[in-house]
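User: Here's a model I'd like you to take a close look at. Could you zoom in on one helix pair and then tell me what else stands out?

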Amino acid sequence: MAVLKNRYDFVLLFDVADGNPNGDPDAGNMPRVDNETGLGLVSDVCLKRKVRNYIQIAKSGESGFDIFIKDKFVLNNAIDSAYDSDEVKSAADADKTNAAREWMCAHYYDVRAFGAVMTTGKNAGQVRGPIQLTFARSVDPVNVIDNTVTRLTVTAEKDMAKERSIGRKYTISYALYAVR
């Protein structure tokens, strides 16, 4: 596995058309907007989730490309798996944390890429990943559109006679975002 020896800075550009790049659960899932500047925001956590989801699909089943931070997954169970491995079992007691960290890096793409704190159960140490992201900001102020949507289906037979529900869906007509 290649090891990065230098620091590399980069700018990532992406655009959104008629979509919601990162809804804010505290604001009814409206797109995130900086109230002072009107610029659209996408959190670093959201950006990492998009990368993790892509890797899960693109590298599904490939060795070394599992994802540590994923839905309905117990982190300490993964760390326990590291301690159950032959590499960690055979390590001297003083080296078990390092061996567990190396095992986690070898198996989980997102640990290698973004880093992780793996000290919540058995100690697998910490990793500072080479990819550090900040919030993305739109280049120009965004226009948030409040769309009304209707639902034609119901979830239970008893609700068949009820009127169909109306909801809200927020989108941005167009924005170019930069991660610096």
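Analyst: Let's start with the helices: α2 (residues 75-84) packs against α4 (residues 96-107) at an angle of about 115 degrees, their axes 9 Å apart. Axes here are lines fitted to C-alpha atoms, for helices over the stretch in contact, and angles run from 0 to 180 degrees between N-to-C directions. The pair is therefore roughly perpendicular (65 to 115 degrees; under 35 is roughly parallel, over 145 roughly antiparallel, the rest oblique). Helices (H or I, at least four residues) and strands (E, at least two) are DSSP runs, numbered from the N terminus.

A word on the source: this is a predicted model, where local features need pLDDT of at least 70, side-chain atom pairs count only at pLDDT 80 or more, and totals for chains, interfaces and linings use all residues. Residues are numbered from 1 along each chain as its sequence is written, and side-chain values use heavy atoms, with hydrogens and water left out.

In the loop between α1 (44-58) and α2 sits K72, whose phi is near 55 degrees, a positive value in a residue other than glycine. K72 is exposed at 79% relative accessibility (exposed is over 50%, buried under 20%, partly exposed in between; 1.4 Å probe, protein chains only). D18, in strand β1 (residues 12-19), also has a positive phi, near 50 degrees, and is exposed at 60%.

Over in strand β9 you'll find I166, exposed with a relative accessible area of 62%. I166 and D93 are 73 residues apart in sequence and 60 Å apart in space, C-alpha to C-alpha.
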